[in-house]
Amino acid sequence: MARPGHARPRPPVEEAEEEEEDPVDAMIARTGCLAPHRELQECMAARQDWRHCQPQLRAFGDCMARRQQRAQ
């Protein structure tokens, strides 16, 4: 028999993620490079190998480099 409290309904994962913003995503969003970062994340999730995501990796790296140059 399950102990009390273990059967309580849990919010779907999507709702839980929307409630709390990931601190890394928040930091990257401030750089203006969130879109290339998300594309890289999606590629990594789909392909499971960074070597297959070189275009996305370069795009994210280029965006961050441009941001770094503007900050100097």
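User: Where is D49 placed?
Analyst: In this predicted model, D49 lies in the loop between α3 (34-47) and α4 (54-71).

User: Is D49 buried or exposed?
Analyst: D49 counts as buried, because its relative accessibility is 16% and the cut-off for burial is under 20%.

User: Which side chain does D49 join in a polar contact?
Analyst: The side chain of D49 has a polar contact of 2.8 Å with the side chain of R51. The two side chains also meet in a salt bridge, at 2.8 Å from N to O.

User: And R51, buried or exposed?
Analyst: R51 counts as exposed, with a relative accessibility of 56%. The salt bridge between R51 and D49 therefore joins an exposed residue, R51, to a buried one, D49.

User: How many salt bridges are there in the whole structure?
Analyst: A search of the whole structure gives two. Besides the bridge of R51 and D49, there is one in which the side chains of R38 and D25 meet, at 3.5 Å from N to O.

User: Which helices hold R38 and D25?
Analyst: R38 belongs to helix α3 and D25 to helix α2. The pair links distant parts of the chain, the two residues being 13 residues apart.

User: What is the accessibility of those two?
Analyst: R38 is partly exposed, as its relative accessible area is 37%. D25 counts as buried, because its relative accessibility is 12%.

User: Let us turn to α2. Which of its residues are buried?
Analyst: The buried residues of α2 are D25, A26, I28 and T31. The elements covering them include α3 and α4.

User: How do the axes of α2 and α4 cross?
Analyst: The axis of helix α2 (residues 23-31) crosses that of α4 at roughly 60°, and the two come within 10 Å.

User: Which residues make that contact?
Analyst: On the α2 side they are I28, R30 and T31. On the α4 side they are F60, M64, R67 and R70.

User: What follows α2?
Analyst: G32 follows α2, and its phi is positive, near 90°.

User: What is C53 in contact with, leaving aside its neighbours within four places in sequence?
Analyst: C53 is in contact with L40, C43, M44 and R47.

User: Finally, the overall picture. How many helices and strands are there?
Analyst: The protein has four helices and zero strands, and from the N terminus on its elements run α-α-α-α.

User: What share of the residues is buried?
Analyst: Of the 72 residues of the protein, 18% count as buried.

User: And what share of the contacts with a separation of 6 or more is between residues 24 or more positions apart?
Analyst: Residues 24 or more positions apart account for 35% of those contacts.

Methods
Residues are numbered from 1 along each chain as its sequence is written. This is a predicted model: local features need pLDDT of at least 70, side-chain atom pairs count only at pLDDT 80 or more; totals for chains, interfaces and linings use all residues. Side-chain values use heavy atoms; hydrogens and water are left out. Buried means under 20% relative accessible area, exposed over 50%, partly exposed in between (1.4 Å probe, protein chains only). A polar contact is a pair of N or O atoms within 3.5 Å; within protein, one must be able to donate a hydrogen and the other to accept it, and residues adjacent in sequence count only if both atoms are side-chain atoms. Axes are lines fitted to C-alpha atoms, for helices over the stretch in contact, and angles run from 0 to 180 degrees between N-to-C directions. Contact means heavy atoms within 4.5 Å. A salt bridge is a side-chain nitrogen of Lys or Arg within 4 Å of a carboxyl oxygen of Asp or Glu.
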